[in-house]
Amino acid sequence: MISFVEFLPFLMFLTLVPLLFSGFPIAFVLGGTGLAFWGLAVLIGLENPNSFFLVVSRIFGGVVNKQLLVAIPMFIFMGTMMEKSGIARDLLNTLQLMTRRIPGGLALSVTLLGAILAATTGIIGASVVMMTLMALPVMLERSYDKPLATGTIAASGTLGILLPPSIMLVVMADLLGTSAGGLFLAAVVPSLMLAAFYLVYIFARTSLNPSLAPPMQDEEIESPLTAGMVLKSFVPPLLLITAVLGSIFGGIATPTEASGVGAFGALLLARLRGELRFTILRDVVERSTLTTTMLFGLFIGATAFSYVFALLGGHDQILHIIQSTGTGGWTVLLILMIAVFLLGFFFDWIEITLIILPVFAPIIAHLDFGGHLPDPGLTTMWFAILMAVNLQTSFLTPPFGFALFYMKGAAADLVDLRDIYKGIIPFVLLQLLGLLAILMWPEIALWLPTVAK
Amino acid sequence: MSGLLKFTSLLDAGATKLGRASAWLMVALILVIMTDVTLRHWFVIGSTKLQELEWHLHGALFLLALGWAYTRDAHVRIELASERFSTRTKAWVELLGCCLFLLPYVAAVVWFGIDYVGYSLEYDEASPSATGLPHRWIIKAAIPLGFLTLGMAALSKLINASVFLFGTQEQARETSFGSPLNSAGGKND
C-alpha cells in the first residue's frame, strides 16, 4: 500500500481532470490546483510556508527568461498577418485556378494551402476555423461531396501543428531540452509524407468518381490565370516561408531570429499589397497578443502545477514505478501514446504538451529501444515526432475529435456532424498508416536531421 | 449596485488599457530582432543586450496582457460540457472559479512575486553575462504587475457574476453575463 503522501501527486491529477471540464479557463484551474496542493503540503508539514517563492522563480526562469520561446509570438504574428491582410485568400484563389483542370482541384488546393498556411497559425482550433470559413462555402457551392470537402479541410488544417515552422515543436523542444531546429528538420519528411497521402487519396477518389468534385467550368472563371497573378499572390508568401525555414535549416539563423524576420516579411508583404492600414495593423497586433497571452498564461499555470507536482515527489515516483516494475521502452512509449491519443479527444495540443511532457521529459531520453533507432541519442526527437503525429490523428478521430467540433462550430448549418464523421474516416486511416510507418521506420523522421548535420 | 458595476468597468478598463498598450511591444520585438539580425550577420556585431531585450519585451508582452485577455475571454476553456450550461450555471462557475482558484493563485504569485522582485532590487541584480542588460528587477516586476491586472479582471468578473446571480433582474441585465454581446466571446475572438 502506498501512503497518503505518496499518493498526493496522483491525487493532483485526479482532482485536475473534473475541474478542467467545469469550463473555467484551464490556465487558472492549473495554477489554482497547484497552489491548493502546495497549501496542503504546507499544512501537513511537507513543505515550508515560503517555498511558493520557488514557483515564482520558476515562472521567471522557465517561461519568461527563454530566448527560444520568443519565436512563438513572432510566428503567431506572421500567420495572423498573412490571414488578415488577404494573402491567404489570394493564395487559395490562385491555387484554385492553377488546379482547375485537375479533378478535385479545389480539394487539392485546400490541402496545399493547409500545408503552407496552417504551419504559421499553430493552433488547431484557429487553423481549422480559418480553413472552414474560407474554403468550405466555395467547395459546397461547386457541389463538392460534403464528406470529401470536410475531411480534406479538417485533415489539412491540423497538419499545421506538425509542419514546420510549428509552434508546437518549439514548445516541445523547450520542454524536452532539445533543439527546435532539429525537431523542425525531423518533422519535414513525416509531414510531407502525410500531405502526399492526402493528395494521392483525393486524386484517386476524384479520378474514379469525378462527380464528387466537379472541375471548374470555363464560364465560371471570372479572371483567367495570368503569370502576374501567380507572381503577385503565390510567390511572395512561398518565398517568405522558404526563407524562414531555409535559414533555420541552413544553420544561418536561430528559430527566434528567423521568426522575427518572418514576422517582418509578413508586414512587408502586407505593405506591398497596400493592406497595411493602421486598423489592420492594430487588429493583427492585438489578436496575436491575445493568442500569445492565452498560450503563455497556460504555460505559467502548467509551470506552477508541474512544479508543485515535482515538489510532492511526483517525478521520482513515476521514475520509481517504471524502474521497479522493469517496464521497457516500448511499453512506456505505448502507454504514453495511448494516453496522449485519448487526451487529444478533449484537449488542444497546448494543454496536453504542457501538462504531460514536463512529467515524462526526464525519462524519455533514457528509454531503451535496442537497435531500433540508428542512434540512441535521437530518442527524444523520434518521440516528439511520434507524439505530434499521434496528436494530429487524435484531433481527427470521431466521435470526439477536437478539430471536428471546431469545424462543426465554424460551418454551422452548412454540413451535418455525420458528414464530417463520414469524411474524416479515410483520413484517419491514412494518419494511422503514417504513424505506423514512423514507428516501424524511425528513419522517416531521423534521416533528414542526420544527413543535415 | 450601479456603483459597484461602474467599479467593475473601471477595473476592466485598467486591465484593458495596459494590455492593449503592451500589445504594441509585438512591433517593438520585430524591430529589435531585425536590428539584431542585421547587425549580427552583415556587420558581425553580436549584441547580448539586444538578444536579452528580445525576451524582456516578449515577457512584458504576455505578462501585462494577462488581465486584458481574461476580460476578452481569450484564455482557453474546455467547453465540451459547459456549452450546455445555462447562463446562471456559467455565472456560478465563474464565481466559484474566481474565489477558489484564480484569486488565491493571483494573490500567491503577487505576494511571493513582490518578495522575488525585492530580492532582485536589493542586490540590483543584472544579467549573468557581463555584456547583458542591467536592472533585472524591472522585467521581474512584470510578473506581479501582470498578475495584478489579472486580479483586477477577476475581481470584476466576480462582482459581475454575483450581481447577476443575486441582484434584481434589472441589475442582472447590466452585468457582463446579462448582455449577449459580452457573454458570447468565442475562444479565438
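This is a predicted model: local features need pLDDT of at least 70, side-chain atom pairs count only at pLDDT 80 or more; totals for chains, interfaces and linings use all residues.

User: How many residues does the contact take from chain B and from chain A?

Analyst: The contact takes 59 residues from chain B and 69 residues from chain A. Together the two chains bury about 5700 Å², with 78% of that area on carbon and sulfur atoms. On the chain B side, B:Ile78, B:Tyr105 and B:Phe112 lose the most area to chain A, together 13% of what that side buries.

User: What makes A:Glu286 and B:Arg20 a salt bridge?

Analyst: The cut-off is 4 Å between a side-chain nitrogen of Lys or Arg and a carboxyl oxygen of Asp or Glu. For A:Glu286 and B:Arg20 the closest N and O atoms are 2.6 Å apart, so the pair meets that limit of 4 Å. The rule finds two salt bridges across this interface, along with five residue pairs in polar contact, both residues of each pair being at pLDDT 80 or more.

User: Which helix supplies the largest share of the side of chain B that touches chain A?

Analyst: That is H6(B), with 14 residues. Several helices of chain B each supply at least two residues, including H1 (2-23), H6 (87-122) and H7 (137-166). By class, this side of chain B has 38 nonpolar, nine polar and 12 charged residues.

User: Why is B:Cys98 too far from B:Cys99 for a bond?

Analyst: A disulfide needs the two sulfur atoms within 2.5 Å. The sulfur of B:Cys98 has its closest cysteine sulfur in B:Cys99, 6.9 Å away, so a bond is ruled out. B:Cys99 is likewise in no disulfide, and the structure holds zero disulfides over all chains.

User: Why is B:Cys98 called buried, and what is B:Cys99 called?

Analyst: Buried means under 20% relative accessible area, and exposed means over 50%. B:Cys98 has 0%, so the label is buried. B:Cys99 has 39%, which lies in between, so this residue is partly exposed.

User: How do you know that A:Thr80 is buried, and what does A:Thr80 touch?

Analyst: The relative accessible area of A:Thr80 is 11%, so with a limit of 20% the residue counts as buried. A:Thr80 is found in helix H4 (residues 71-84) of chain A. Leaving out residues up to four places away in sequence, A:Thr80 touches A:Val284, A:Arg287 and A:Ser288.

Terms used. Residues are numbered from 1 along each chain as its sequence is written. Chains are lettered from A and ligands numbered from 1 in the order in which they are written. Side-chain values use heavy atoms; hydrogens and water are left out. Contact means heavy atoms within 4.5 Å. Buried area is the accessible area (1.4 Å probe) that two parts lose on being put together, summed over both. A polar contact is a pair of N or O atoms within 3.5 Å; within protein, one must be able to donate a hydrogen and the other to accept it, and residues adjacent in sequence count only if both atoms are side-chain atoms. Helices (H or I, at least four residues) and strands (E, at least two) are DSSP runs, numbered from the N terminus. Ala, Val, Leu, Ile, Met, Phe, Trp, Tyr, Cys and Pro count as nonpolar, Asp, Glu, Lys and Arg as charged, and the others, Gly among them, as polar. Buried means under 20% relative accessible area, exposed over 50%, partly exposed in between (1.4 Å probe, protein chains only).
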